Amino acid sequence: MLTDTESALLDGRYQVVTEFVRSLLAKNGFTASVVEYAEHSGSRRIALTHAGAQVAVRTVFMPDAWPVRVTAHGPDGGPKTTTSVPQDIAGPQGPEAGSPRIPAP
């Protein structure tokens, strides 16, 4: 089908690179982690969790292209309703699980 509509792409002049898995799975996933503790370092707020770069490798290197959404839930499983503030989410390998300064309660 692609060769019928865009034959020049596949005639050898170009290299076509695709990532079909991303189109299927990029927005599909779930990671849960306990926040061990939250602290301040200078003007930065940091939440230390068990989830780090090992679960969001692409996000670490290209946060704008591979964003993550973070929500916070209390012990009862319900969403936190306190005011969100920018925070770094740190994991076992440092403050790298997702974009720095993620708004979270």
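1. A word on terms to begin with: helices here are DSSP runs of H or I with at least four residues, numbered from the N terminus. Leu2 sits in one of these, helix α1, which covers residues 2–5. Please keep in mind that this is a predicted model.

2. Leu2 is also part of a nonpolar surface patch, together with Leu9, Leu10, Tyr14 and Val16. The accessible area of these residues together is about 450 Å². Leu2 itself has 42% relative accessibility, so it counts as partly exposed.

3. How many salt bridges does the structure hold? There are two. In one, the side chains of Asp11 and Arg13 meet at 2.9 Å, N to O. Asp11 is partly exposed, with a relative accessible area of 43%, while Arg13 counts as exposed at 56%. The cut-off for exposed is over 50%, so Arg13 falls in that class.

4. The other pair is worth a look on your screen: the side chains of Arg44 and Asp88 form a salt bridge at 2.7 Å, N to O. Arg44 belongs to strand β2 (residues 44–49) and Asp88 to strand β3 (residues 85–90), so this pair ties together parts that are 44 residues apart in sequence.

5. Is Asp88 buried or exposed? Asp88 is buried, because its relative accessible area is 6% and buried means under 20%.

Key: Residues are numbered from 1 along each chain as its sequence is written. This is a predicted model: local features need pLDDT of at least 70, side-chain atom pairs count only at pLDDT 80 or more; totals for chains, interfaces and linings use all residues. Side-chain values use heavy atoms; hydrogens and water are left out. Patches are made of residues with over 30% relative accessible area and no salt bridge: like charges are joined within 9 Å, nonpolar side chains (Val, Leu, Ile, Met, Phe, Trp, Tyr) within 5 Å. Accessible areas come from the Shrake-Rupley method with a 1.4 Å probe; for residues, only the protein chains shown count as cover. A salt bridge is a side-chain nitrogen of Lys or Arg within 4 Å of a carboxyl oxygen of Asp or Glu. Helices (H or I, at least four residues) and strands (E, at least two) are DSSP runs, numbered from the N terminus. Buried means under 20% relative accessible area, exposed over 50%, partly exposed in between (1.4 Å probe, protein chains only).
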